[in-house]
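Trainee: I have not looked at this one before. Can you walk me through the model?

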Amino acid sequence: MKKFIVETYYTCTFKTVHALDDLNDKELAKIDQRNDGKVEVIDVKLNNRKTKKIGDSNKKNDKKIKIDHSISENIENKLIKSKNLERNNNLKVKNNSRFKMPDRRKGYIQKAQIGDHKVYLHTGEYEDGKIGEIFIDTNKEGELVKAMMNNFAIAISLGLQYGVPLEEYVDAFIDTKFEPSGNVIGNDRILSASSILDYVFRELAISYLGKEELAHTPSIASTKTVDGEAGDDRILNIVKNITSKGFVRSNLEEKLIDLSDVRINLKTKN
């Protein structure tokens, strides 16, 4: 009887789930070094089986070779159980990777006019100030164009919440050309745009990415001064000028962060 050895190769797909107390670049950089993640098996596949001959073929052996399938059966059973458990709990990988917006969020509304068309850009921000959603409203447009713009904004918002960098959208939609286009009225940093998308992502790039090269006018600081006020009142009045009263519900002192150890330069540009 000839002797053979059977080699079975499997491919195992699994995922590691980590819990973060805060979402920032510093925590994400350390995630690969952490060993406290929960490992979940997603899939196990049979790749290949190879058979090798062992020993001299002239030698006879009366023992019968039996292939034990218990290992593969155990793996398949575990796989079926894990899939059933995942279906019962309605677990979805995409829910773990989407960073949803807070119920009460910051942002701003920018009104501008491109040609004869008015454009309202609404933004929503996370607690750390990063943009997470946009809304685009226009007038003098048909229902089809308005619906397309609204759903386009929803698609961009979903991409931002799933981690697509804003830079990618800026590179894709800057300098797109279609009507309406021309002079921009109402925006102090953008004087002209080749399309609505060119204007929207040029505004977002200036406001959230600091891309001053896309602006048509330089950044000019406010000339208002508060030199005659005390230290705490001075900072409080500055915060009032740049903070939404409706967002903080007039509770400015409770919303302020303790900045006693931080030096703030309150000088304005000449």
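Mentor: We start with the sheet, then go on to helices and confidence. This is a predicted model, where local features need pLDDT of at least 70, side-chain atom pairs count only at pLDDT 80 or more, and totals for chains, interfaces and linings use all residues. Residues are numbered from 1 along each chain as its sequence is written, and side-chain values use heavy atoms, leaving out hydrogens and water.

Trainee: In what order do the strands of the open sheet come?

Mentor: The order is E5-E4-E3-E6-E7, with antiparallel pairing. Strands are DSSP runs of E, at least two residues, and helices are runs of H or I, at least four, numbered from the N terminus; two strands pair if DSSP finds at least two bridges between them.

Trainee: Which strands stand at the edges?

Mentor: E5 (131-138) and E7 (192-193); each has a single partner strand, so one side of each lacks a neighbour in the sheet.

Trainee: What is the bridge partner of Asn 183 in E7?

Mentor: Ser 192. E6 (residues 182-185) and E7 pair over two bridges.

Trainee: Now helices. At what angle do H4 and H5 pack?

Mentor: H4 (residues 143-161) and H5 (residues 166-173) pack at about 145°, axes 10 Å apart. Axes are lines fitted to C-alpha atoms, for helices over the stretch in contact (heavy atoms within 4.5 Å); angles run from 0 to 180 degrees between N-to-C directions. Residues of this contact include Phe 152 of H4 and Tyr 169 of H5.

Trainee: What is the mean pLDDT?

Mentor: The mean is 77, and 70% of residues reach 70 or more. pLDDT is the predictor's confidence in each residue, from 0 to 100. Over residues 60-67 the pLDDT is below 50.
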